[in-house]
Amino acid sequence: MSTLTAARIDRAEGRHLLTDVPLLELGARASEARFARWPERTVTFVIDSNPNYTNVCVTDCQFCAFYRKPGDREAWTLSVDEVLAKVESAASKGATTVLLQGGHNPALPLDYYLTLVRETRARFPQVTPHFFTASEIHTMAQVAGVRFTDILDRLWDAGQRTIPGGGAEVLSTRVRARIAPKKGGPESWLEVHREAHRRGFKSTATMMYGHVETVDDLLDHFDTIRGLQDEFGGFTAFVPWSFKPGNTLLEKWIKQYKGPNTYLRVLAAARLYLDNFPHVQASWFSEGKATGQVALHFGADDWGGTLFEENVHRAAEYVNTISVDEIVTLIREAGFTPAQRTTEYEIVRVY
Amino acid sequence: MRFADSRLEPIWDKVRMKERLSREDGLTLFEVDDLLGLGQIADHVKSRREGDRVYFVINRHVTPTNLCVLSCAFCGFARKPGQDGAYEHTIEDMVAMVKEETREVHIVGGHHPEWPFEYYERMIQAIHSAHPDVQIKAFTAAEIDYFWRRWKIEPKDALSRLKAAGLQSMPGGGAEIFSARLARLLKYTGKADPDRWCEIHGIAHALGIKTNATMLYGHVETLAERVDHLLRLREQQDTSGGFVTFVPLAYQTATTKLVARQTPPADSLRTIAVSRLLLDNFPHIEAYWVTLGEETASIALHFGADDVNGTLEDERIQHLSGAKTPAGVAREQLFRMIRDAGKIPVERDALYNVVKVWA
């Protein structure tokens, strides 16, 4: 139908998409690309929960309202049993995915993490342990004194098959040095996903925009993850969201988060630029339900999850909640057919 | 322009040639799946008229009373005498509500069972003399009609006297949906009917009073009823020419529950876009953030809307009906809504004179 989307989009075109293409023209192109890949008017969602095992963190990211330094009065770390109780609670509500993340807590031994994966697999076979972002995997490696690839192998052996894409922020040396200086450059996130994909793990790629980044930084991010996806095809989805400044160190400089039009532009540009990503997620949770519904017309084909528990945005005083019934209603209202999926985007049930 | 739904192509050709759209076209625009194609056509018209400008006003609402002789099924605001939450403001109260930085005061209230017309006249006089620089936009056509029903004051006399007292323009409320079927169903037959509503706006226009127009949508009306409503307004505008802004009002579900949920954002975006396209003789189309929510209002600036209303220090009617948006967003929040859409905030007065371009 169109030759516009046939050739891979280069940086010049990407810049154009992110800055000055009329928004609805961009959205229409992104929607066309989405339907070229997924002709059905189906929008998937996952029943999931995002608990955390600790808020103790030594990384001091400027954008984070969730963490506490070791020894802080408000610092907490859950025992293995306490985390498993959260997994059980999610499972009892029908969750098939538990996205477990936490701070970088040097007091936790490797066995803690491996036990969480093993026990989740053993006790809750219906739940996919979607545990530990790249930077947590690096932390485990440092604490245990082994290579991060060894950690990946151990997690695999424990039964883990997917890795959440958090902690990417913006994959630009300059941006990460400014907002997450102790987290390492883009390569520290990328290498974990590369080696994970090489081993057969699936993962997602996230992007948190709306702070100190430039258009070039966003293009660096797109190029980086598109390049890796060409190698192994291990990314299931791209998930962008806007930085929420509440209670963070960056709040001093950045008072407000970016609004819905910025979000729709980033999302639609990503759908076109990331031509090798199967799925693009509409983030109702971070952008609001109205924007989430509109995003389904801008190239998104997935609604994300129920997020029964979520503490990171909550710490920045940005709170949204939803039920399965409401997700089904919202997707239908937007003119699409809701379908429940697994962590790896297999359809469980069409509504 | 390329469209996912080819039915938009002949309509796009007409719009480009500045030809008037038909009732059939209006129905097609509501039916097509191609939301962004529709939006692009509406955005073309908005941009042709206003470029990147989006208007707002520093305003506040004054709602003299919630006592009302009517019992409209969609209203969560009206109270009967003696009922919990019923109130009546004194003229002194209302004068005090208006602050010096306010540029426009919007005065709309219930159809009070007993207040004489002179009370309304004195209200306008008092606010005008205390705040001569504040523009007064007051009383819907339904209220003007009620002055006749209750006190047998002809609309022309009522409007002339109110204008002499300081009224400068009229809001567009009370139109609801122009449909005899819905007037019966939703119990607003006791209110100015479509002919009367339009007649009163025509009288206002002849007196040099600019007015707005509204449409309450997203409840139990049909899409054809929406189209017919818009076409009736277009016809009136051809005749009298004094409408400034069309304000589609998304029905708020919280207390009256005519439908389970507020109509989704795609429907509001579509309604705004179709309004922009059918109302080719209306200068402005508003994305009223109080009923839409800030997210949808901001996105609507790409779907044909060129106004977001204003700062609204007190918006009682929609809030008692359950609108969740925070009352009184500051100018900065309006800037955020407008700038996120890549548009230029233009502060206006009640008559769309430019006060300041906030580049």
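This is a predicted model: local features need pLDDT of at least 70, side-chain atom pairs count only at pLDDT 80 or more; totals for chains, interfaces and linings use all residues.

Reply: We may begin with the helices.

Me: How are two packed helices described, and at what angle do the axes of α1 and α10 of chain A cross?

Reply: In general, the description of two packed helices rests on the angle between their axes and on the distance between those axes. Here helix α1 (residues 11-19) and helix α10 (residues 260-273), both of chain A, have axes that come within 8 Å and cross at roughly 155°. An angle over 145 degrees counts as roughly antiparallel, and α1(A) and α10(A) are therefore roughly antiparallel to each other. The crossing of α1(A) past α10(A) is right-handed.

Me: Which residues of α1(A) and α10(A) meet?

Reply: An α-helix has 3.6 residues a turn, so residues three or four places apart point the same way. From α1(A), the residues are A:Gly14, A:Leu17 and A:Leu18; they meet A:Arg265, A:Ala269, A:Leu272 and A:Tyr273 of α10(A). By class, the residues of this contact are five nonpolar, one polar and one charged.

Me: Is α10(A) mostly covered or uncovered?

Reply: α10(A) is mostly covered, with 14 of its 14 residues buried.

Me: How many residues of chain B are in contact with chain A?

Reply: In general, an interface is often sized by the accessible area lost when the parts come together. For this model we have a count of residues: 22 of chain B are in contact with 22 of chain A. On chain B, α3 (35-50), α11 (265-278), α13 (294-300) and α15 (331-340) each supply at least two residues of the side that touches chain A. The largest share of that side, six residues, comes from α3(B). Its residues comprise nine nonpolar, eight polar and five charged.

Me: Against what do the buried residues of α15(B) pack?

Reply: The buried residues of α15(B) include B:Leu334, B:Met337 and B:Ile338. The partners of its buried residues are α10 of chain A and several elements of chain B, among them β1 (53-57) and β10 (344-348). After α15(B) comes B:Gly342, with a positive phi near 75°.

Me: Why is A:Thr206 called buried?

Reply: A residue counts as buried if 20 or more other C-beta atoms lie within 10 Å of its own. A:Thr206 has 22 within that distance, and is therefore buried. This residue lies in strand β6 (residues 202-209) of chain A. A:Phe238 is 32 residues from A:Thr206 in sequence, yet their C-alpha atoms are 5.7 Å apart.

How values were computed:
Residues are numbered from 1 along each chain as its sequence is written. Chains are lettered from A and ligands numbered from 1 in the order in which they are written. Two residues are in contact if their C-beta atoms, placed from the backbone, lie within 7 Å. Helices (H or I, at least four residues) and strands (E, at least two) are DSSP runs, numbered from the N terminus. Ala, Val, Leu, Ile, Met, Phe, Trp, Tyr, Cys and Pro count as nonpolar, Asp, Glu, Lys and Arg as charged, and the others, Gly among them, as polar. Axes are lines fitted to C-alpha atoms, for helices over the stretch in contact, and angles run from 0 to 180 degrees between N-to-C directions. Angles under 35 degrees count as roughly parallel, over 145 as roughly antiparallel, 65 to 115 as roughly perpendicular and the rest as oblique. A crossing is left-handed if the near helix is turned anticlockwise from the far one by less than a right angle, and right-handed if clockwise. A residue is buried if 20 or more other C-beta atoms lie within 10 Å of its own, exposed if 12 or fewer, and partly exposed in between; C-beta atoms are placed from the backbone.
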